Amino acid sequence: MDILFTILALSSGYLFIFSFKNSLSEANFNTLRLLFLYHLVFGVYFCLAVQGDAIGYWREAKSMSQQDFLFSLTQSQGTYFIYALNYYPSKILGLSYFTGTMIYSVIGFIGLTYFYVNAISLIPNNPKFRNYYLFPLLFFLPNLHFWSCAVGKDTLLFFCIGLFVHGLIQPFKRMPLIVLALFLTYFIRPHMTLIMLLGFGIAYFSGKNISLFKRILFFTAMIGIAVAILPLVMKFSKIEEASLDAFDKFSQTKASVLGGAHTSSAIDISSYPFPLKIFTFLFRPLFFDINGIPSILASLENLLLLVLTFSIFRNKPVKSFRNAPFIIQGMVYFLFIGTLVFSQSLGNLGIMIRMRNMFLPGLIIFILWHFSYRENEQILDDEKL
């Protein structure tokens, strides 16, 4: 049974890649296939070498009763909802944790594929930095794959965000994808649903080349849904009232608890100034945080992102943002709001990296857009001379 479902999962991933064969160049299509193999390596490594929440999500599902399953599927959010999703493959089919990891790895890769394909369609040319092409290099960043292959919330959220972004490019045609993404995200982490709606709702309102009808329709719909689910998000997050004081109290408490945990990646951010909290969420661990091989890889990745981001801020980022397609603007707003929220409450570098991975594709795609836009601007300026 395990062999059959592992083969089915991997075959499904490969067939999904082939659905884009006619819309991609041969080079981009071959790179996508290479990314699939690269992603699966991280899935195998995570299954065999990393002991964490992922194995618990699979084992706990095996011990659920049918009553627990029905209650968790229909009445619960977060962890218990994940248990319910894993109930059928884990308990009923009796699949192993390895098979479960391969299934989740394929799901995560589908999300990554949507980001990859949309980056190609949205960005006019392959930009360079110091004579190095940034695409597809940035899609091989380790953490982009490491946290989107494991059994659990992070992989499913990564998939949902990719699905949501892909749906918004042609919203009327792909409305089922948008609804599915919002539905799953709401039951996995409802506050992520709120951040997605706010970020892309703002982008629809302010984006260029969008009809007035679409602006009003989608902005009203997204902000309306966000307002409607706000009380449920507050209840899930255990925030008593919608005020800055209540959120600040929640953030300080959360940061203190996580920062005081006895783990090698725990840090106390409660005394950090606001800019340092932002920096910590986006660009740490760095080399002064190294405590093992994974943190070395994360430090190299973060250093690259830091250098690229610093270069953007030195070179008219506002202008390139204003001229970006609305979907890229939405990913930037999504990144901005998510960073503001999570940077204030997470006091553990491991958890920060996991949460940042939800927003990392937006940062990557904006980096690609910015350098591409600036190169085109330079060409136009040279032609005028």
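The model is predicted. Its secondary structure comes to 18 helices and 2 strands. The chain has 385 residues, and a compact globule with that number would have a radius of gyration near 21 Å. The value for this chain is 21 Å, so the two agree. Along the principal axes, the C-alpha atoms fill a box of roughly 75 × 50 × 50 Å. Buried residues make up 53% of the 385 residues. Contacts were also sorted by distance along the sequence. Among those with a separation of 6 or more, 77% join residues 24 or more positions apart.

The interior was examined next. In soluble globular proteins, nonpolar side chains tend to be buried together. In this chain, the largest nonpolar core has 119 residues. The residues with the most contacts inside this core are F139, F164, M192, F200, I328, F359 and I367. Helix α6, which spans residues 97-122, gives the most to the core, with 13 residues. One of the residues with the most contacts, I328, touches L122, I365, F366 and W369, when residues up to four places away in sequence are not counted.

Two helices illustrate packing. Helix α8 covers residues 153-169, and helix α16 covers residues 326-342. Their axes are 10 Å apart, and the helices pack at an angle of about 150 degrees. The crossing of α8 and α16 is right-handed. On the α8 side, the contact is made by I161, V165, L168 and I169. On the α16 side, F326, I327, M331 and F334 take part. The residues of this contact divide into 8 nonpolar, no polar and no charged.

P124 is placed in the loop between α6 and β1. Its relative accessibility is 58%, so P124 counts as exposed, the cut-off being over 50%. P124 and W369 are 245 residues apart along the chain, yet their C-alpha atoms are separated by 8.3 Å. P124 touches W369, S372 and N376, again without counting residues up to four places away in sequence. W369 is also touched by I328.

Most residues other than glycine have a negative phi, and most peptide bonds are trans. Several sites in this chain depart from these patterns. The peptide bond from F135 to P136 is cis, with omega near 5 degrees. P136 sits in the loop between β2 (132-133) and α7 (142-146). Another cis peptide bond joins R284 and P285, where omega is about 10 degrees. P285 belongs to the loop between α13 (274-283) and α14 (293-313).

Positive phi values occur as well. R130, a residue other than glycine, has a phi near 55 degrees. R130 is found in the loop between β1 (128-129) and β2. Is R130 buried or exposed? Its relative accessible area is 64%, so R130 is exposed. K316 also has a positive phi, near 55 degrees. K316 lies in the loop between α14 and α15 (317-322).

Conventions. Residues numbered from 1 in each chain as written. Predicted model: local features only at pLDDT ≥ 70, side-chain atom pairs only at ≥ 80, totals over all residues. Heavy atoms only, no water. Axes fitted to C-alpha atoms, helices over the stretch in contact; angles between N-to-C directions. Helix = DSSP H or I, 4+ residues; strand = E, 2+ residues; numbered from the N terminus. Left-handed = near helix turned anticlockwise from the far one by under 90°. Contact = heavy atoms within 4.5 Å. Nonpolar A, V, L, I, M, F, W, Y, C, P; charged D, E, K, R; others polar. Buried < 20%, exposed > 50% of the residue type's maximum accessible area, 1.4 Å probe, protein only. Core = buried A, V, L, I, M, F, W, Y, C linked by side-chain atoms within 4.5 Å. Rg over C-alpha atoms; globule rule 2.2 N^0.38 Å.
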